[in-house]
Amino acid sequence: MRDTPPAELLNSAADTIRRHGLIDRSQPVMVALSGGKDSLLLCLVLRAMGIAHRAVTIDMGYEAGWADRISLRAHMIGIVPEIVSARELPDMSSAALATVGLRRRLTVLDAVDPATKPTVTPCTYCYNVKVLLLDAAAAKTGASQVAFAHHMTDAAASLLKEALLHVDRFDRGHTHYTRANFESLVRELTTAADKYDAEGDQPLLRTIERLVAATRVGTDEPPRQPLRRDRPDGVEVVRPFFDVDEDTIIRAVRHGGIQAEGSGCGHGATLASQTPREMLHYRVLAGRGDTRFFAHVAQLVRHGIGLDGSSTVRARLQRQELLGHQYKPVVGEFDKL
């Protein structure tokens with residue numbers, strides 16, 4: 001195993017951190033470590049850059065021995081993560097309300113049956129549990145920042161998802177979201193990516209460009225944002241890999257001989273069918289030999305990013321305002337934090 005990540009990855013992360021002033025070096029940054037390739041590599045990059053950090057892993061309790069396996073993978077590259085169990089709720093100082101929120105979200109998650117087609121996707125609930133636990137872990141040590149290992153491929157999938165929801169609602173006239181309608185748009189965009197021509201007649205891509213120019217859509221994964229939308233002045237998320245595409249990360253993991261946890265949902269409910277974001281990630285963006293389409297989408301993503309790395313578009317917050325509450329309804333307090 002090689003401890004030093006490739007120069008192209010180090011340079012990209014360093015440039016992103018410097019350009020947006022992302023990381024406060026006066027205190028260690030907390031890293032959300034899932035054990036996957038991205039987060040393991042992020043720890044190595046921060047170490048190579050001399051940025052003090054500590055890794056925190058959230059164990060959702062879906063698989064016995066999962067936390068031990070993640071700890072072993074981390075130890076192999078010199079990382080000692082703190083394991084926080086969602087099932088053994090920690091003593092939180094702010095706490096009663098946060099604990100209630102955690103228990104209610106876990107109750108919803110546990111009621112989702114992976115063997116059936118669930119009416120509720122577990123992703124938002126699972127994400128919220130992790131956010132509340134990361135927030136509590138940061139509060140215990142006074143950390144003001146948590147680093148996520150999301151990269152440009154993630155950011156691009158987020159923007160395209162928001163754009164296709166708008167196209168489905170307004171251009172196609174569907175007043176309610178259905179998976180079949182969204183999947184049809186994904187197939188259309190896949191064809192546009194396969195036959196990419198920057199100057200060609202590609203109506204769907206032109207529509208997405210107009211939505212971006214009008215600040216109606218943007219990525220929900222910018223270089224900088226609050227960890228919790230209900231606490232905009234609280235702990236801050238930073239994404240040093242924002243300008244890195246996933247193929248670069250895959251090459252770096254192979255270069256370093258890193259043994260990472262495979263991707264997938266520990267809950268099991270999304271293994272049989274991809275979420276809207278995963279459709280765009282794996283069918284449209286990832287593993288594409290012709291990189292011109294990806295580069296074009298990356299430019300659209302950067303269009304909505306301010307100098308400090310925060311988004312200039314309220315992508316998720318304005319979704320219901322623009323699309324209407326009936327299009328893709330959520331239980332208000334359980335929407336993404």
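## Close-up views of a predicted model

**View 1. Helices α6 and α8 cross each other.** Helix α6 (residues 152-171) and helix α8 (residues 203-213) have axes that come within 10 Å and cross at roughly 105 degrees. Here an axis is a line fitted to C-alpha atoms, for helices over the stretch in contact, and angles run from 0 to 180 degrees between N-to-C directions. Helices (H or I, at least four residues) and strands (E, at least two) are DSSP runs, numbered from the N terminus. So α6 and α8 are roughly perpendicular to each other; the cut-offs are under 35 degrees for roughly parallel, over 145 for roughly antiparallel, 65 to 115 for roughly perpendicular, and oblique for the rest. On the α6 side, Leu159, Leu160, Ala163, Leu164, His166, Val167 and Asp171 meet Leu204, Thr207, Ile208, Leu211 and Val212 of α8, where contact means heavy atoms within 4.5 Å. Sorted by class, this contact has 9 nonpolar, 2 polar and 1 charged residues. For these classes, Ala, Val, Leu, Ile, Met, Phe, Trp, Tyr, Cys and Pro count as nonpolar, Asp, Glu, Lys and Arg as charged, and the others, Gly among them, as polar.

A quick note before the next view: this is a predicted model, with pLDDT of at least 70 needed for local features and 80 or more for side-chain atom pairs, while totals for chains, interfaces and linings use all residues. Residues are numbered from 1 along each chain as its sequence is written, and side-chain values use heavy atoms, with hydrogens and water left out.

**View 2. Leucine 211 sits in helix α8.** Is leucine 211 buried or exposed? Leucine 211 is buried, with a relative accessible area of 12%; buried means under 20%, exposed over 50%, and partly exposed in between (1.4 Å probe, protein chains only). Skip its neighbours within four places in sequence, and leucine 211 is in contact with Ala163, His166, Val167, Arg216 and Val217. Take alanine 163: it is 48 residues from leucine 211 in sequence, yet the two are 7.0 Å apart in space, C-alpha to C-alpha.

**View 3. Threonine 215 is in the loop between α8 and β5.** Threonine 215 isn't a glycine, although it has a positive phi of about 55 degrees. Its relative accessible area is 40%, so threonine 215 is partly exposed.

**View 4. Helices α7 and α10 pair up.** The axes of helix α7 (residues 179-194) and helix α10 (residues 276-285) come within 10 Å and cross at roughly 20 degrees. That makes α7 roughly parallel to α10. Arg179, Phe182, Glu183, Val186, Leu189, Thr190 and Ala193 in α7 meet a set in α10: Pro276, Met279, Leu280, Arg283 and Val284.

**View 5. Arginine 179 belongs to helix α7.** Arginine 179 is partly exposed, its relative accessible area being 30%. Threonine 275 is 96 residues away from arginine 179 in sequence, and the C-alpha to C-alpha distance between them is 9.0 Å.

**View 6. Six strands make an open sheet.** What is the order of the 6 strands in the open sheet? It runs β3-β2-β1-β4-β6-β5, with mixed pairing. At the edges are β3 (82-85) and β5 (224-226), each pairing on one side only. From one strand to the next, the twist averages 30 degrees. Two strands pair if DSSP finds at least two bridges between them. The parallel strands β1 and β2 are joined by 4 bridges, and valine 29 stands opposite histidine 53 in β2. Strands β4 (residues 145-147) and β6 (residues 236-238) also run parallel, joined by 3 bridges; there, valine 146 has valine 237 in β6 as its bridge partner.

**View 7. Helices lie across the sheet strands.** Helix α3 (residues 66-75) lies across β2 (53-59) and β3, at about 155 degrees to β2. Helix α5 (residues 123-141) lies across β1 (29-32), β2 and β3, running at about 140 degrees to β2. As for β2, this strand is mostly covered, with 5 of its 7 residues buried.

**View 8. Zoom out to the whole protein.** The protein has 12 helices and 6 strands. Of its 337 residues, 52% count as buried. Among contacts with a separation of 6 or more, 78% come from residues 24 or more positions apart.
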